[in-house]
Amino acid sequence: MDSSLPNNGDIIPAQNSLSAIEKNNVSSLREILEAQDRTLLSKCARAGTPDIAEYLLARYPPLTNNSDDKAVSPSVTPEEAYLTTYIRDPSPTHHAVLYLLKESARNGNAAVFRSLSTAHPNFLTTHNRNIECVLVNAIEGGIAIWEVILSHDPRFVDHEFSGHKGCLLEVVVTLGGLTACYRWRTSEEKKRKAMDVFTYLLERGADLERAGDPVVPLLKVMRADERVIELAERWSGKV
């Protein structure tokens with residue numbers, strides 16, 4: 001079969017889009033195109049290159065126009081809009097840059113993540129209301145993603161999450177399945193990456209004392225894995 005010819009998987013969405021246009025069915029057309037956007041950007045986040053990412057992002061409006069978002073003043077730049085607006089679930093259509101930044105972090109695509117963070121450096125700042133979404137996904141992405149994040153701002157090594165979720169080290173242990181509560185429901189690959197990130201953050205100078213609220217006792221309360229506690233104790237000079 002000629003690989004240059006479209007297959008049925010390509011033809012059917014196109015036919016559905018044309019049908020929605022003919023029937024003036026806006027909601028159906030929106031659903032089809034947003035699904036297509038999600039597929040394209042998700043694939044780019046997993047296996048794309050910076051050039052592909054740049055091309056795809058050039059096809060989307062820079063400012064969010066989602067009706068769920070607050071109105072954005074024409075004098076506000078696209079980056080300022082993202083910095084000041086909390087976006088619970090970034091849409092690939094309306095928040096393409098943030099969506100791709102988050103997904104490339106989660107998938108460990110350091111090349112795309114680095115190119116995005118270079119083109120949009122303000123996205124990797126504590127002033128970005130969506131930064132914790134990026135940091136959480138970076139835990140799954142591994143050390144290569146954290147190298148990019150800490151090269152932008154080394155202070156992220158001691159980031160304190162909102163809502164009493166704890167410091168970055170605690171969040172890595174919890175989300176990485178490195179506690180008694182979560183270890184049985186977390187894949188070995190995910191736990192391995194979390195342990196690598198935990199170790200890397202210690203090597204980069206994470207503050208284990210936290211101004212009188214030390215991490216090691218908290219890890220014990222969380223019933224973190226013994227290897228996690230032993231490593232933290234070693235770095236804190238307790239052993």
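Helices α5 and α6 pack at an angle of about 145°, with their axes 8 Å apart. Axes are lines fitted to C-alpha atoms, for helices over the stretch in contact, and angles run from 0 to 180 degrees between N-to-C directions. This is a predicted model: local features need pLDDT of at least 70, side-chain atom pairs count only at pLDDT 80 or more, and totals for chains, interfaces and linings use all residues. Residues are numbered from 1 along each chain as its sequence is written, and side-chain values use heavy atoms, without hydrogens and water.

**Helix pair α5 and α6**
- L100, L101, S104 and A105 of α5 meet V112, F113, L116 and S117 of α6 (contact means heavy atoms within 4.5 Å).
- Helices are DSSP runs (H or I, at least four residues), numbered from the N terminus.

**Helix α8**
- I145, W146, V148, I149 and L150 are buried in α8 (residues 143-152).
- Buried means under 20% relative accessible area, exposed over 50%, partly exposed in between (1.4 Å probe, protein chains only).
- The cover over these buried residues includes α5 (96-106), α6 (110-119), α7, α9 (168-175) and α10 (188-203).

**E132**
- E132 sits in helix α7 (residues 131-141).
- E132 is buried yet has no salt bridge (a side-chain nitrogen of Lys or Arg within 4 Å of a carboxyl oxygen of Asp or Glu).
- The nearest side chain of opposite charge, K165, is 4.8 Å away.
- Leaving aside neighbours within four places in sequence, E132 contacts H159, E160, F161 and S162.

**R38**
- R38 lies in helix α2 (residues 26-47).
- R38 counts as partly exposed because its relative accessibility is 37%.
- Not counting residues up to four places away in sequence, R38 touches P92 and Y99.

Note on methods. Helices (H or I, at least four residues) and strands (E, at least two) are DSSP runs, numbered from the N terminus. Lys and Arg count as positive and Asp and Glu as negative; His and the chain ends are not counted.
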